[in-house]
There are 2 protein chains.
Amino acid sequence: MTRRAKGALLPPLTRSGRLRAELYRTLRNALLDGRLAAGERLPSSRQTAAEYAVSRGVVEDVFDQLADEGFLERGVGRGTFVAPQIARLGTTAVEVISHPSCPSERGARLASNATCREPTEFRPFNAGVADAAEFPWKIWQRIHTRAARDLGRAGLNFADPRGLGALRTSLSHYLAQLRGMHCTEDQIVVFSSAQQALCAIALLLLNPGDSACLEDPGYPGANAALALAGARLVSLPVDRDGMRIDLLPLRAPEARLIYLTPAHQYPTGAVLSLERRIALLEWARGSNRWLLEDDYDGEFHYASHPLTPLYSLDSRSRVLYLGTLSKSMFVALRLAFAAVPPSLVEPLANIRTQLDTFTPPLPQLAMSRFMDEGHFSAHVRRMRGIYAEKCSQLLDAVAEMADVGWELPEKSTGLQTMLRHPDGTQVRKVAQSSGLALALLSSFRRARSRSDGLFLRFGALSLRQIQSGAAALLKAALVNR
Amino acid sequence: MTRRAKGALLPPLTRSGRLRAELYRTLRNALLDGRLAAGERLPSSRQTAAEYAVSRGVVEDVFDQLADEGFLERGVGRGTFVAPQIARLGTTAVEVISHPSCPSERGARLASNATCREPTEFRPFNAGVADAAEFPWKIWQRIHTRAARDLGRAGLNFADPRGLGALRTSLSHYLAQLRGMHCTEDQIVVFSSAQQALCAIALLLLNPGDSACLEDPGYPGANAALALAGARLVSLPVDRDGMRIDLLPLRAPEARLIYLTPAHQYPTGAVLSLERRIALLEWARGSNRWLLEDDYDGEFHYASHPLTPLYSLDSRSRVLYLGTLSKSMFVALRLAFAAVPPSLVEPLANIRTQLDTFTPPLPQLAMSRFMDEGHFSAHVRRMRGIYAEKCSQLLDAVAEMADVGWELPEKSTGLQTMLRHPDGTQVRKVAQSSGLALALLSSFRRARSRSDGLFLRFGALSLRQIQSGAAALLKAALVNR
């Protein structure tokens, strides 16, 4: 390539920003899009300065930076040339090319799974989360502000990846008092979400290809976390007494981990019988077998007294207990926790740093104080009544559905409930014609199956939304009988 | 098992909590630890009420819950018995058993990697993060409080997993203005940390077993994220012009992803030459090949004008650009971002929900306003001067090390710097005898190698800490010459 003797034509300067930055950007863009072509000689810095009406120092500075970056070549007495290799950059940088091929098979599989996305707008009946309208906002703000002041600038720096000491202590007291769990702060790991905890635990306990059992129908987040860890997933069906543990030897003799929601099966609401709990603990006595107990709404599922966790029945430290503050506080708090054997705390802390470094200290300190000052248990007690009232109004409003073949739950607690009907076609028709955001029970199953129920998530809905949603649902059920 | 006719001996009640809860806990613990043994008959509810001096209703209620849970069996006229199956529960639940075996090979490998843990206490020279003491706390507090008020209770609910619209827009303006990057908000994904972004991107782009290239020495977090995604890692050495791209065809002909820090190689500080940038982009034209550009401290590495990102040179949408606000703002903010081809935004959003649902809206809104109101660029400008001053004081204070064989950087920017010495033994001796928190260059290498340098992270240190640290370092270097 020969260098042209004549100087290149300088591009016009758009003066939208600071002069020096603008000159740099203008020249670089011209270099990238080919207006200043490889090998071309630029006008001297004196000429360039005159042309753009800027000082020669600014031009020298910009030429030097572009030379530092390799776009220009400068030599004393030789002038300034566009570097030959930029010809290889090809067309302009703004061109966006669509990717016909998937990034990777795993990526395509994970990317197509949207079951962990949550609605940002609540309507009947997609709102199985805490009702933010009832949250004691002022108390929280006061405690949060005080915690921010007390932490000061220390709150801007790293925090312990196991979780803030104060919160781990508060959580262990809470678990002892409200759940009767024997667990100290040395057994607690704080996470930003139950989802994050699930990922870290799956990565810790499983090798890629290991088999892991889940409930079917079951919680999609657990499914996603175990799949992400490369586990081979085996589903066990759920009946009125919870997960069918009796099928374990047949279906998953090699299972190393069983994920389950024993207190309030998600989504059916079944409570795992003591007989099956014991069978699970007996299974877990085998080497390298683990139980992962997700107590996602433990605060709300039992009228006034939470059920004994599997964790408390376990004498072999084979149960990892998972809890979240998303439902008892609010989802944007981003706090969840696991109670695990002490020997697994440091391993989990290390793995979580590889997933997302640490959980920020301020919400942890505020949460710890909210618990220690008694606001948490008072709030949970109050919300239990509110959700019970919502549920009872909902079930009352759709009571007539029982006359057209729907099975309504006898008693229901928590932030969601389930209506069953044996005719899958009818269930689908009701869901489609109601105009509501209804989830089919079948959408929580791993295998394709008929839809034998609707899952109604009402936690964050107002009583008014519940009433109007229930009316629409009842109407759709009566029409599609 | 025969049921004993005589009633069991009731355990004493410790009245530390609410009566009903205490009675439940006492009886359940006695059931779990065997004091109330399988098959035993409990005293009648009337006798029990009298013994504990509580109302009979409370006893009935507690017996019913324990029967619901399967611990007791009750029949009208038959009395209340301890369920036979609890004998299988074994010993008491408080027994903690240590686990001699590792949870899994992968788990053991991930758990033993502590390179992503960060110091919670800063000393010379472990502090390569933002100096929180210089952060404009009052301005931030004001903006944060206003953002909290404006979001109101909506800030307690879910947010878009791609990131808050306002922040994505602010970030795209920032990238356009400060980096000259052509990118719109539709190309931005917000994460809670660069580490989280690395994990999501690795899971998206790679199949397990795919090979991925990294710089050696290099950033441990990238190593961890790619390993976590099951990648086969291939290291390419780094010289004065950055990553040795020329070794790519020989060492990793099958590579699908190259992770690199082209603007300011971590940890050596090398700038990737234009020649190599072009070679990388040419490589990436092959099918299913990706470049991941980590611009971890782009704000600080170039005296006043940030270098052109690889992203801007790319005409094929093969570069994913990664930035963090941990260094330019503060680490506890938990905000990072990626600029990616638009077709990868939704896939990444879905994958991030499977890792950790979403990033809370409040810090995102506050950050967006902090940027839009010009505070961010002012802060970055100011900090650039502060870090430059720290670095220059540090290098001045250890200038004499050059007399005993150490190579000091000509110019150094950012929050850390590197001192090299050809004699590995001497480097180790200096590190050990200095009493400082010094990182060996070799600790950033994947392969065992001699230590040919020290990595000094000074960002969050005060000038005083830098002075005393530098004095100790110089002394150790002069003694171990």
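This is a predicted model: local features need pLDDT of at least 70, side-chain atom pairs count only at pLDDT 80 or more; totals for chains, interfaces and linings use all residues.
Residues are numbered from 1 along each chain as its sequence is written, chains are lettered from A in the order in which they are written, and side-chain values use heavy atoms, with hydrogens and water left out.

With a relative accessible area of 7%, His421(A) is buried, a class defined as under 20% relative accessible area, with exposed being over 50% and partly exposed in between (1.4 Å probe, protein chains only). The side chain of His421(A) reaches the backbone nitrogen of Asp423(A) at 3.0 Å. When residues up to four places away in sequence are not counted, His421(A) touches Val404(A), Gly405(A), Trp406(A), Gln426(A), Val427(A), Ser451(A), Asp452(A) and Gly453(A), contact being taken as heavy atoms within 4.5 Å.

Asp452(A), one of these neighbours of His421(A), forms a salt bridge with Arg445(A), in which the closest N and O atoms are 3.0 Å apart; a salt bridge is a side-chain nitrogen of Lys or Arg within 4 Å of a carboxyl oxygen of Asp or Glu. Asp452(A) is buried at a relative accessible area of 14%, while Arg445(A), at 22%, is partly exposed. Another set of salt bridges, linked through shared partners, joins Arg117(A), Asp160(B), Arg162(B) and Glu346(B) into one network.

Over all chains the structure holds 34 salt bridges. Asp64(A) and Arg74(A) meet through their side chains in one of them, at 3.0 Å from N to O, and this pair links distant parts of the chain, with Asp64(A) in helix H3 (residues 56–68) and Arg74(A) in strand E2 (residues 72–75) of chain A, 10 residues apart. Asp64(A) is partly exposed at 37% relative accessibility, as is Arg74(A) at 28%. A salt bridge of 2.9 Å, N to O, is formed by the side chains of Asp210(A) and Arg256(A); these residues are 46 residues apart, Asp210(A) in the loop between helix H7 (194–205) and strand E5 (211–216), and Arg256(A) in the loop between helix H9 (248–251) and strand E8 (257–260) of chain A. Both Asp210(A) and Arg256(A) are buried.

Strand E2 also takes part in an open, antiparallel sheet of three strands in chain A, in the order E1-E3-E2, two strands being paired if DSSP finds at least two bridges between them. Strand E1 (41–42) and E2 are the edge strands, each pairing on one side only. E1(A) and strand E3 (residues 79–82) of chain A run antiparallel and are joined by two bridges, and Leu42(A) stands opposite Thr80(A) in E3(A).

Between the chains, 125 residues of chain A are in contact with 124 residues of chain B. The area buried between chain A and chain B is about 10,700 Å², of which carbon and sulfur atoms give 54%; buried area is the accessible area (1.4 Å probe) that two parts lose on being put together, summed over both. Four salt bridges are counted between chain A and chain B, and the side chains of Asp356(A) and Arg334(B) meet in a salt bridge at 3.2 Å, N to O. Helix H13 (residues 345–356) of chain A gives the most to the side of chain A that touches chain B, with nine residues.

Key
A polar contact is a pair of N or O atoms within 3.5 Å; within protein, one must be able to donate a hydrogen and the other to accept it, and residues adjacent in sequence count only if both atoms are side-chain atoms. Helices (H or I, at least four residues) and strands (E, at least two) are DSSP runs, numbered from the N terminus.
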